[in-house]
Amino acid sequence: MKSIYSNQVFQPKKLLFLMSICIIICSAKVLAGPYQLSYGNITLTLPSPIGKLIAVNQQMTARLDPATGDLQFQVSVNDFNFVTPNYPEHINASTTTRFQEYYMDNRHFPNAQFKGALVSLKKVDFTKEGVYAVGIKGKITVRGVSQDIAPEATIEVKNGHLYVRSSFVLRVTDYKVPVPEVLRGIFFKEVQVAVDCVLKP
């Protein structure tokens with residue numbers, strides 16, 4: 001009696017081809033998934049009549065979609081703390097409170113955020129380790145005011161993680177920060193922002 005399976009000859013090449021297709025599809029799905037924040041640090045450097053003031057914030061959220069280049073950051077104003085070297089602890093503490101409550105108005109605007117995308121997405125090979133220079137374009141919102149921003153950044157692909165670094169300057173007047181008239185031009189005129197974070201799949 002002839003088996004109904006007699007015409008189904010085992011074809012190793014066909015099987016190998018199908019396995020390759022499956023691997024490619026699975027890999028594409030992994031690449032398409034967003035990267036989420038593993039570690040993040042934002043440093044603010046502000047000029048003042050008595051020297052530079054430094055604030056840091058390590059409480060943030062971030063998301064990068066490698067398929068579209070969409071990039072988002074959000075940071076809590078209440079998690080900025082001044083750590084200016086050589087300043088007594090109580091001075092840094094009072095500066096932190098003043099910054100959060102008066103300048104940033106944390107009661108009405110508890111968060112600052114960025115929403116945008118990589119404008120040079122094709123430059124980044126998320127499957128290959130290396131350091132890639134990229135452009136970023138989007139809107140940053142501080143105190144409820146949104147402004148366009150286009151900083152440069154680097155993305156380092158290493159051990160399956162993304163190390164994202166960027167530095168840019170924000171003008172205080174663009175975000176309606178209430179600087180007293182006596183201090184205008186010498187205090188909080190511009191803020192240097194440095195972002196250093198690690199994202200994982």
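## The core

A nonpolar core here is a set of buried Ala, Val, Leu, Ile, Met, Phe, Trp, Tyr and Cys residues joined through side-chain atoms within 4.5 Å, where buried means under 20% relative accessible area, exposed over 50%, and partly exposed in between (1.4 Å probe, protein chains only). In this chain the largest such core has 46 residues, and L44 and L162 are the ones that touch the most other members.

Take L44 and ask who its partners are. Leaving out residues up to four places away in sequence, L44 touches L53, I54, A55, F80, F99, V191, Q192 and V193, with contact meaning heavy atoms within 4.5 Å.

## Ground rules

This is a predicted model, so to speak: local features need pLDDT of at least 70, side-chain atom pairs count only at pLDDT 80 or more, and totals for chains, interfaces and linings use all residues. Residues are numbered from 1 along each chain as its sequence is written, and side-chain values use heavy atoms, with hydrogens and water left out.

## The whole chain

You're looking at 2 helices and 11 strands, taken as DSSP runs numbered from the N terminus (helices: H or I, at least four residues; strands: E, at least two). Going along the sequence, the order is α-β-β-β-β-β-α-β-β-β-β-β-β.

Of the 201 residues in the chain, 36% are buried. Look at contacts with a separation of 6 or more, and 60% of them come from residues 24 or more positions apart. The accessible surface of the chain is about 12,600 Å², with 58% of that belonging to carbon and sulfur atoms; these areas come from the Shrake-Rupley method with a 1.4 Å probe, and for residues only the protein chains shown count as cover.

Is each one buried or exposed? Y175 counts as buried because its relative accessibility is 5%, whereas K176 is exposed, at 65%.

Setting aside residues up to four places away in sequence, Y175 touches I140, V142, R143, V145, Q147 and L170. Its C-alpha atom is also 9.6 Å from that of M104, a residue 71 positions away along the chain.

## Positive phi

Most residues other than glycine have a negative phi. K176 has a positive one, near 55°. N86 has a positive phi as well, near 70°; N86 is found in the loop between β5 (81-82) and α2 (89-103), and N86 counts as exposed because its relative accessibility is 81%.
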